[in-house]
Every structure is written in C-alpha cells, then in structure tokens.
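Thank you all for coming. I would like to take a few minutes to walk through one model, beginning with a single residue and what surrounds that residue in the fold.

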Amino acid sequence: MANKGGPETDDKLRFQVELEFVQCLANPNYLNFLAQRGYFKDQSFINYLKYLLYWKEPDYAKFIKYPMCLYFLDLLQHEPFRKEIATAICSKFIDEQLLLIWQHYTRRRTKMIHTAYEQNMNTMNKSNSSNIGQAQTNGTNGIMPASMPIPKVMPP
C-alpha cells in the first residue's frame, strides 16, 4: 500500500479508509453481510474492531457523519451481538428501528427549528414594532412594511 507521496499520503489514505469502514458499521445490513461471511469468527478481524475504538475519541469522532456507527462498534465487541447479527431477522429489526429513530429525529428537529424561527420572528416583531411604525413613511427605508406578511420558511 505504499504510495509515491510518502508517509503523509499513506497516513491520509489509511485515515480515509478506516473512517469509511467505521461509518459502514452504521448499516445493520452490512453487519449481517460481514457476519454471514464469517468475519466475526476471525480473531484478527475482532482485534481490528477493538483497534478501531479510537474513533470514539473526540479528536476522531468529529469526522464521523453517522454516529450510530460508534454504537455498533461497541456492540461488535461482544460475542452475543456478533452471533445475533448473522440472522436476517435481527438485522432487519435493527434496520427498521434505525429508520424509526431517524424519522422521529427529523420530525422533532423540524418542529424545533420551526418553533425557534417563530419565536425569533415574534421577538423581532415586538422589538421592532415601534421602530417600524415610526420609520415607515414610504416603505423604501429598508424596513419591511407592516402590511407585508412574514413568510413561513419551515412547515409546521
């Protein structure tokens, strides 16, 4: 795996490959694939999974886009989980639960953003209501006229 770029290029490539692999662990179907092909019975692969625990450190975790992979990396340290993930029923159940978590998270986050946006706009309207009424002569002074409705950016 030696590149002409030297040790820095090798380290960068290794970092990228390990980051990609760790993030793949967030996919229960991939875990099922690895289990069915016997990777979780290979002691050197199990040792590699132990080695990858360094990704939980904040200096490395900040690069991870799918934080669920760290949870699965922890679970893979335990033999009962490695045996169970080999069954399609288990991986399908986990996959469905992950989907539900993401749907709930997305709905909740959208609602929180919408609420924060409305609160911010209400606060701005209250603090600027006296200024808008005083400064509004012909609507060309850079302040939004009071007759214009505030558009809703986020759906309720």
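Let me begin with Ile-85, which, leaving out residues up to four places away in sequence, touches Pro-28, Leu-31, Asn-32, Ala-35, Phe-40, Cys-90, Ser-91 and Ile-94, where contact means heavy atoms within 4.5 Å. Please keep in mind that this is a predicted model, in which local features need pLDDT of at least 70 and side-chain atom pairs count only at pLDDT 80 or more, while totals for chains, interfaces and linings use all residues. Residues are numbered from 1 along each chain as its sequence is written, and side-chain values use heavy atoms, with hydrogens and water left out.

Ile-85 sits in the loop between H6 and H7, and is buried, with a relative accessible area of 0%; here buried means under 20% relative accessible area, exposed means over 50%, and partly exposed lies in between, with a 1.4 Å probe and protein chains only. Although Ile-85 and Tyr-30 are 55 residues apart along the chain, their C-alpha atoms are separated by 9.8 Å.

One of the partners of Ile-85 is Asn-32, which belongs to helix H2, residues 28-36, and which counts as buried at 9% relative accessibility. Beyond four places in sequence, Asn-32 touches Ile-85, Ala-86, Thr-87, Ala-88 and Ser-91.

Stepping back to the whole chain, the secondary structure comes to 7 helices and 0 strands, where helices (H or I, at least four residues) and strands (E, at least two) are DSSP runs numbered from the N terminus. Of the 156 residues, 24% are buried, and among contacts with a separation of 6 or more, 64% are between residues 24 or more positions apart.

Which residues of helix H5 are buried? In H5, residues 68-75, they are Cys-69, Leu-70, Phe-72 and Leu-73, and seen down the axis they fall within an arc of 160 degrees, so they line one face of the helix; the arc is that of the directions from the helix axis to the C-beta atoms. Leu-70, at 15% relative accessibility, touches Val-22, Trp-55, Lys-56, Ala-61 and Ile-64, again not counting residues up to four places away in sequence. Leu-70 also lies 8.0 Å from Gln-23, C-alpha to C-alpha, across 47 residues of sequence. Cys-24, in helix H1 (residues 7-24), is partly exposed at 31% relative accessible area, and its C-alpha atom is 9.9 Å from that of Phe-72.

Now to the confidence, which for each residue is the predictor's pLDDT, from 0 to 100. The mean over the chain is 81, and 78% of the residues reach 70 or more. Where pLDDT is low, the predicted coordinates should not be read in detail.

To finish, let me return to Ala-35 and Phe-40, which touch Ile-85 and which are also among the residues that line the largest pocket, together with Lys-41, Ile-46, Glu-79, Arg-82, Lys-83 and Ala-86. Helix H6 (residues 79-84) gives the most to this lining, with 3 residues.

Notes
1 Å grid on protein atoms, 1.4 Å probe; cavity = no way out; pocket = protein on both sides within 12 Å on 5 of 7 lines; lining within 4 Å.
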